[in-house]
Amino acid sequence: LGLVGESGCGKSTLAKVILGLLKPDSGTVIVSGNRPQMVFQDPYGSLNPAKKISWILEEPLRMQKVPKEERKKRVLAMAERVGLSAEHLKRRPHELSGGQRQRVSIAAALIQGSRLILADEPVSALDVTIQKQIMELMVQLQEELQLSILFISHDLNVIYQMCDRVLVMKEGRIVENAETEELFAHPQNDYTKELLAASPEL
């Protein structure tokens, strides 16, 4: 599910409400199963710089009281699933590339078994080649693990490639909600038309 809108319209605030980091002014958020997890725009800022990748991925499992040997198996399996090796697990965040750090962030979001991932501009800080790799990885994981992903982005090209359905937000309100192909081909709301017109490269 894509969420688009100009900067400051409330996209990231909505994600924080869903995560429980902010309380809504009204209404209720109902979450089924494990808590949603977040993949941030800047993986370097969201990963502990003093710890090795293996520690970062193990920490959520330690909090769940998962036995040590089981933790190590799950961490290695998840690392391999997102395209990281056992060697990467021995490094610290500053020793990885931007794309590798984002793979760590995705692994950290999935390691507890969450089936709802909130991805807030997860590829905007990466160069185009790495963007494509991370987007393909997220699509693959979504299919393999049957995930739901709320994909927040201001980049309509990315939204078009990634999402089945799109919400358009303006000033904290959803002004349009449609299947991706339908929204791009036949936008109904004037604001949606403005957004599409402002992206001539589409």
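Visitor: So at what angle do the axes of α3 and α4 cross?
Guide: Bear in mind that this is a predicted model. In it, the axes of α3 (residues 53-63) and α4 (residues 68-81) cross at roughly 125 degrees, coming within 9 Å. That angle makes α3 oblique to α4.

Visitor: And is the crossing right-handed or left-handed?
Guide: Right-handed, as α3 passes α4.

Visitor: Which residues meet there?
Guide: From α3 you've got Ser 54, Leu 57, Glu 58, Leu 61 and Arg 62, and they meet Arg 71, Lys 72, Arg 74 and Val 75 of α4. Sorted by class, the contact has five charged residues, three nonpolar and one polar.

Visitor: OK, on to the sheet. What's the strand order?
Guide: The order is β2-β3-β4-β1-β5-β6, in an open sheet of six strands with mixed pairing. β2 (37-39) and β6 (173-179) are the edge strands, each pairing on one side only.

Visitor: How many degrees are neighbouring strands turned against each other on average?
Guide: It's 20 degrees, ignoring direction.

Visitor: What about β3 and β4, parallel or antiparallel?
Guide: Parallel: β3 (residues 116-120) and β4 (residues 148-152) pair over five bridges. Leu 118, for one, has Leu 150 in β4 as its bridge partner.

Visitor: Then which strands does α1 touch?
Guide: Helix α1 (residues 11-19) packs on the sheet and touches β1 (2-4), β2, β3, β4 and β5 (165-170). The direction of α1 makes about 155 degrees with that of β3.

How values were computed:
Residues are numbered from 1 along each chain as its sequence is written. This is a predicted model: local features need pLDDT of at least 70, side-chain atom pairs count only at pLDDT 80 or more; totals for chains, interfaces and linings use all residues. Side-chain values use heavy atoms; hydrogens and water are left out. Axes are lines fitted to C-alpha atoms, for helices over the stretch in contact, and angles run from 0 to 180 degrees between N-to-C directions. Helices (H or I, at least four residues) and strands (E, at least two) are DSSP runs, numbered from the N terminus. Angles under 35 degrees count as roughly parallel, over 145 as roughly antiparallel, 65 to 115 as roughly perpendicular and the rest as oblique. A crossing is left-handed if the near helix is turned anticlockwise from the far one by less than a right angle, and right-handed if clockwise. Contact means heavy atoms within 4.5 Å. Ala, Val, Leu, Ile, Met, Phe, Trp, Tyr, Cys and Pro count as nonpolar, Asp, Glu, Lys and Arg as charged, and the others, Gly among them, as polar. Two strands pair if DSSP finds at least two bridges between them.
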